[in-house]
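Biologist: I would like to learn how to read the packing of helices. Please start with the terms.

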Amino acid sequence: MEESISGFKVRGDWGDVVEHGERITHALRDAGVHDPDGDHDARFARAFDEWDEWRPKAHETLERDVNEKTAEQAHVEEGKGEKAGKRPDEDIKTAGEKLSESYEQLEEDDTGAAVDNWKESIDYVARAADSAGRKALRRVEDTVYQNVMTQLAPYYFDNELVSANIQQSTRGVDNGEGFVFEVNVNDDVLKDDISALLAEYEDEVDRWHVEVEKDTDAAEAIEGVEPPPEPDDTSKSTTN
């Protein structure tokens with residue numbers, strides 16, 4: 001493993017990529033970030049779950065599974081209207097009602113209320129347009145990402161806790177170094193803790209037992225990597 005200001009990097013085959021992700025995950029768990037009641041920011045618990053879902057697994061492939069998960073986590077976020085559970089046509093209807101109220105209040109010389117309703121009407125129109133635009137983007141973004149962007153850029157993950165990217169590499173392919181996987185912990189203090197834990201694993205762990213999904217044909221799915229040991233519920237390590 002190489003460590004730098006940009007993160008923790010490994011070069012190797014798919015098994016090395018999977019193991020690196022598991023070590024990072026194990027270190028984050030040992031550091032307590034998965035516990036919403038722990039010492040770290042409570043937001044990290046949700047971010048940890050997102051990372052744990054995205055990280056490469058032994059039974060997955062880059063071009064199929066990681067590609068799909070990367071496209072999924074890259075989705076355009078929900079706007080205010082979507083978060084409120086409102087469709088664009090519902091917001092347009094509400095905007096019309098607010099505008100009608102505004103005209104009625106003008107006729108009653110209630111200028112202040114009329115202006116307020118007029119402003120609300122504009123807000124609802126803008127929210128409807130925002131929701132419609134986001135939905136339109138989502139219709140094409142999966143196809144665009146999976147078929148175009150991954151040809152130009154690495155597979156990536158990014159949230160408050162972790163930033164990571166995987167690239168296929170032609171360097172050292174004959175030696176089994178077909179991938180480059182770099183993971184950065186975005187909180188500087190936590191990153192130091194993770195660095196210390198990873199160094200501890202290097203010193204103490206004789207062989208890392210990669211987690212494997214039960215009843216999975218690993219030889220077919222891992223792109224030529226030898227099947228890892230049988231799994232427990234979580235990743236385990238063996239010490240000297």
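Modeller: Angles between axes under 35 degrees count as roughly parallel, over 145 as roughly antiparallel, 65 to 115 as roughly perpendicular and the rest as oblique. Axes are lines fitted to C-alpha atoms, for helices over the stretch in contact, and angles run from 0 to 180 degrees between N-to-C directions. Helices are DSSP runs (H or I, at least four residues), numbered from the N terminus. This is a predicted model, in which local features need pLDDT of at least 70, side-chain atom pairs count only at pLDDT 80 or more, and totals for chains, interfaces and linings use all residues. Residues are numbered from 1 along each chain as its sequence is written, and side-chain values use heavy atoms, without hydrogens and water.

Biologist: How are helix 1 and helix 2 oriented to each other?

Modeller: The axes of helix 1 (residues 14-30) and helix 2 (residues 43-54) cross at roughly 160° and come within 10 Å. The two helices are therefore roughly antiparallel.

Biologist: Which residues of helix 1 and helix 2 meet?

Modeller: Contact means heavy atoms within 4.5 Å. On helix 1 they are Gly21, Ile24, Thr25, Leu28 and Arg29, and on helix 2 Phe48, Trp51 and Asp52.

Biologist: What is the angle between helix 1 and helix 7?

Modeller: Helix 1 packs with helix 7 (residues 188-204) at about 120°, the axes being 9 Å apart. This pair is therefore oblique.
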